[in-house]
Amino acid sequence: MSERDSEGGLTRRSLLKTAAAGAVASTAGCGSILSTSSSSSLTRGTETAYGNCWQCHKACGMEVTLNEAGEATELHGIDGHPRGSAGEGTKGTLCPKGLSQLEKAYSPERIKQPHVRKDGELQKVDWDEAISYTADRLEDFADEYGPESLIEFHGWGTSGVFSTLFRNLYGCPNHVPHPTPTCFGSMAVTGTLMGLGGGNIRWIDYPNTEYILVWGRDPLESFAGQWEAKQLLKARERGAKIVTIDPVYTETAKKSDEWLPVEPRTDGALALAMANVIIEEGLYDEEFVEEYTHGFETYKEAVADKTPEWAAEKTGLAEHDGLGAETIREIAIGFAEAAPAAGITSWTGLGQSADHQKAAQNVVALTALVGNIDRPGGQRWHTSPPLSDPFEVGCEEELPNNAADNPCYLTDNESGYASMTGKPVQNRVPEMVDNGDVRGMVYYYRNPVTDGAAQEWLGTDEREGALEKMDLVVGIDAFWSETARKADVVLPEASQLEKPMFESGGYGAYNEHPWITGSKAAIEPQWNSKPGFEIVSELGREMGYEEYFPWEDKTEFINDQLEAVDLTLEELEQEHDTYYVFDDEQHRNPYEKWKGGGFAQGAEEFWFDLDKKLEGMYGKLSEQVGAEITTGPQWVEPGTIGDELTEEYPLEMLDTRTVEFSHGGDQALSLPLEQLAESYGLEHEDYRGNYLVIHPDEAGERDIEHGDMVTIASEHGEAELMAAVTEGIHPGAVSVEPYGFGRGSIQPDGDGANNMLLNSPEQIDPVSGEIDRHIAVEVSPGGDD
């Protein structure tokens, strides 16, 4: 059994332990981690700078200690920070991802200078040549193929200038956004369509809540900033009841009052049964349902026969002692009676399966049923402060939209490249390359190879992959991923400590007021790297768009945004410790904003039934899968749309994030790799990759022991990684924790597996375009020792 299951081992991954690691010391310039102890045991430097961690794009505030040479030696959280603390008067901390930024800044594994491909080989060049070369190649590409033959991938952190350059100015219409196709598309798209909003199924009004359903999330390990985990724990201390619904015994499950280990892809059955109880018992918000929703009768009919007894069998809860129909009934009643001070936080667990669009609809419907939307203790709608548009402040010319003049292959449903709701499908890009519709790619802070259909991107011994077939690939990256190695241009990006950062409010610890946070660069860019903002701006000017990039650096760009609130980035950093909360009456974030402003996308009602919006879409889906898919809430058997488990592939593969890693941005770093190994009790093994979490029953049947190398295989491919045997996962499921290692990742020659080698282009949610990360697999002992 894994050390994760023992009392001592469990605390290694707990928020309380990682939050206590208040500082990290590093030998500047070599990236050697010396300590992960608390800040009191370290010698403070001579000067303090600031930063905002962007490793998971949540901008937790960082206090950075510098030595006399201007090198960063320690990192600490900032007290009261809207993303790094639980709110005013509370301690700010950094998680392992944030603390690893010190090692990241000085890592010798970083890309140290620009490279361009000449005579088939990547060669080092200076910045002037790199920018000029890239601009020329893009101009030649547009002349030969047209901007519509380029596709762009980017994540976060460029303040919109990346899309400004390639979509508004260059005219590239093909954009695969983050995070809809790769992160939580099924839940985000469904929440938006119904009126709740794409991300609002995650945000609970923690200071006022009495009942929390943690549904397919682990906010104590994969949180949207430290604030969320801390406010969840404070709600627990205050007496709020927490119920975790997850096939995996997560860190949050360990701190919960109830853990419901449902079988994967059966969440929709549980949600329908809860609605059945709430309606039968007359516990729903009748006034809200009647005045602010559409399609309740359809919903009521859909749940009429979905009893707790039925759901207990469908979810597998009936097989567990002490769980079953009565537990479902109790939780439904408890949730409804606490409402509106009851919330649901859900994310990738219901967002990364082809079968989960209907499950997401069933879960989101519960929020309107109990009337908890934007009410104290329920689903909180956050707001951001009104800031200036920097293009209006700093530019004399109005920003054009040249992409509107070009056809967009991704959103043309007839081409098959888009989902049924018009969302671009990342898995279809290799097919677009094969068909000649896409001939080039630019990317920043993204690696499509670890997002889905990895074999089609990378190729096999028998056939070239999409990366090799494209005529032009331009990447802005900090580490040498396999994608970067195949690019024609590689422009080295600065790390978080080396560039200004800014975040404008939204979800965070201050749920009644908007806020901002920002900081200048704490240290100079290492080696010959540059901040992404400057790279894109220099490229834009070289391409002839000087009037749209008048800012010398990102600090000027941020200051133009702050003009509306009469602040500068320097004032924000020096006078307010990097953050400012707008706590005046003018900026107060009221509850029940739907009373005056409607629901998501301006809808006047919340939609239980999507009949008036997407009736044709579901008709097409029914024809496609050979089963009736309705517009209202509905139970869809696992395997109807996604993979069906078979005798050859009897296990269901999931994947997760961990507190040490997020989106593959720091896999080359020794500290988080060591912490990950320790968390599974496998630090003694000569292996530093990701792990296949498997139940002892499944491991025993396959002669697999904790720490063995194993092969995980699907109908589409296979990969090798180390097994972590634990009772903390539902039998019949295995989990790759975390994803993004192995071939195609930052360390393609290192340990671990890219589980998207097992995913094929057809494995998507056809409604949202979400990549299906629930895959039918088999696991066998053995692998590359």
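Reader: How many residue pairs are in polar contact between domain 1 and domain 2?

Author: The count is 7 residue pairs, both residues at pLDDT 80 or more. A polar contact is a pair of N or O atoms within 3.5 Å; within protein, one must be able to donate a hydrogen and the other to accept it, and residues adjacent in sequence count only if both atoms are side-chain atoms. This is a predicted model, where local features need pLDDT of at least 70, side-chain atom pairs need 80 or more, and totals for chains, interfaces and linings use all residues. Residues are numbered from 1 along each chain as its sequence is written, and side-chain values use heavy atoms, leaving out hydrogens and water.

Reader: What makes E652 and R265 a salt bridge?

Author: Their closest N and O atoms are 2.9 Å apart. The rule asks for a side-chain nitrogen of Lys or Arg within 4 Å of a carboxyl oxygen of Asp or Glu, so the pair of E652 and R265 qualifies. Across the interface of domain 1 and domain 2, the rule finds 1 salt bridge.

Reader: How do you know which strands pair, say β23 and β25?

Author: Happy to show you! Two strands pair if DSSP finds at least two bridges between them; strands are DSSP runs of E, at least two residues long, numbered from the N terminus. Strand β23 (residues 691-694) and strand β25 (residues 718-725) have 4 bridges, so they count as paired, in the parallel sense.
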